[in-house]
Amino acid sequence: MELNKGKLLDLKNKYGDAYYLLDSNQFRDNFLELKGSFSNIYPNFNIAYSYKTNYTPKLCKIVNELGGYAEVVSEMELELALRIGVDYSNIIWNGPIKTKSTVEKFLINGGTINIDSLEELEMIKEIVNCYPDQYFNLGIRCNFDVSDGVVSRFGFDVNSEDFRQVLEFTTKKPNVKLISLQCHFAKRQLDYWPNRAKGMIDLIDSIGIIPQRIDLGGGLFGKMPDSLKNQFTTEIPKYEDYANAVAPLFMEKFKGCDQLPELIIEPGSALVGDCMKFVGTVKSIKNIRGKYIASVLGSQKNVSMTGINPPIDVFNASDKQEIYNDLDFVGFTCIENDVLYKSYNGKLAVGDMIVINNCGSYSLVMKPAFILPNFAVLDISDGKEEVIKRAETFDDIFHTYNF
């Protein structure tokens, strides 16, 4: 859908002064393009979508329809995957906190958990020992140095005794299958991706086991306009750049195998970042000691970008615009650092609508019920709006409290 003043005003009249715009077709296209970039080099490849990045059910259903995995890190996300019809066998459960009763049901039904700690290992041992005739799919979350300057807190140091304990259990227990070796490192720069691949290959060589799945985790940049790219100190890779950095290494490693192990990545932002816009209305403009400030119905939490200026478009809703220099767009939260965009130069008026692009990642899911409930989400990918999430109300926020 092409955005213009008329369409934005129409949506504003229907759904209020602020709302999200979702492009689910773009999400679908991103999934297929990213998968194709890797599959063209390494055929046995799949994507496990990171639910935590944006768990809008329609997006998660698209992943399932396209044959991707659900990568979840909480019982809430697990419940979401099951409710939209994802089979247990297509859910990968990561994360440091899990409860025994849910883990038991999940594993019995064929789900895969990448074990994150010795405490988790002990809990799983108890479950496995209770069901000697039941087979369990398990993975190990692996931690090693990728020269990114960060000591990750997730998984097992592959050179530790802890790792050897979990490896022995998952390979020696008769009713357990070590289905996956997984790693995850947060930095998105392309430089660190070959180190992930080499670290996993070295690990496979050292333990002498080729798992069914090799999971490289997430941490990829997504698509963005030049105005956003130029604010990063490193070059923003394309999908094919990530694929070229790691897929050939695994193809070379396993070229003589009868069956290639499945290579998996767990992207979130790379798929959904450019698939959502936030629309907010300018409510006031003032001058404080020479500094122009425009307050917007919307907050930094609605766009989840700090320290950079997001891609922004201004749509005039009146004929009273004036030209401003060095104007800051600020949010409604009464917090000093709730700044949406700094140093705007251009025309603006009260009532204008600002459209902030590339805010699909960690925005909707991390917006707290602070001062205002969250806004509606509208899918506009097919030329008309579909309400994906209605605007939240007072009762949505306070129904769990006792008055």
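Which residues does UniProt list for "domain: Orn/DAP/Arg decarboxylase 2 N-terminal"? The unreviewed entry gives residues 37–272. The model discussed here is predicted.

## The annotated segment

Over residues 37–272 the chain is 39% helix and 17% strand. The segment itself is taken from the UniProt record.

## Overall fold and dimensions

The protein has 13 helices and 18 strands. Its radius of gyration is 23 Å, close to the 22 Å that the globule rule gives for 403 residues, so the protein is as compact as a globular protein of that length. Along the principal axes, the C-alpha trace spans about 75 × 50 × 40 Å.

Contacts reach across the sequence. Take the contacts between residues at least 6 apart in sequence: 70% of them join residues at least 24 apart.

## Burial, surface and charge

Of the 403 residues, 51% count as buried. The accessible surface comes to about 18600 Å². Carbon and sulfur atoms account for 49% of that surface.

Charged side chains number 43 positive and 53 negative. The centres of the two sets lie 3 Å apart.

## Tyr-49

Is Tyr-49 buried or exposed? Tyr-49 has a relative accessible area of 0%, so it counts as buried, the cut-off being under 20%. Tyr-49 sits in strand β2, which covers residues 45–50.

Neighbours within four places in sequence are left aside in what follows. Lys-320 lies elsewhere: it is 271 residues from Tyr-49 along the chain, and the two C-alpha atoms are separated by 45 Å.

Most residues other than glycine have a negative phi. Two residues of this model are worth checking against that background.

Asp-326 is not a glycine, yet it has a positive phi of about 55 degrees. Asp-326 is placed in strand β14, residues 322–330. Its relative accessibility is 36%, so Asp-326 counts as partly exposed, between the 20% and 50% cut-offs.

Tyr-362 also has a positive phi of about 55 degrees and is not a glycine. Where does Tyr-362 lie? Tyr-362 is in the loop between β16 (353–356) and β17 (376–379). At 24% relative accessibility, Tyr-362 counts as partly exposed.

Methods: Residues numbered from 1 in each chain as written. Predicted model: local features only at pLDDT ≥ 70, side-chain atom pairs only at ≥ 80, totals over all residues. Heavy atoms only, no water. Helix = DSSP H or I, 4+ residues; strand = E, 2+ residues; numbered from the N terminus. Rg over C-alpha atoms; globule rule 2.2 N^0.38 Å. Buried < 20%, exposed > 50% of the residue type's maximum accessible area, 1.4 Å probe, protein only. Contact = heavy atoms within 4.5 Å. Areas by Shrake-Rupley, 256 points an atom, 1.4 Å probe, with all protein chains shown as cover. Lys, Arg positive; Asp, Glu negative; His and termini not counted. Charge placed at Lys NZ, Arg CZ, Asp CG, Glu CD. UniProt positions renumbered as here; feature names shortened; annotations may be inferred.
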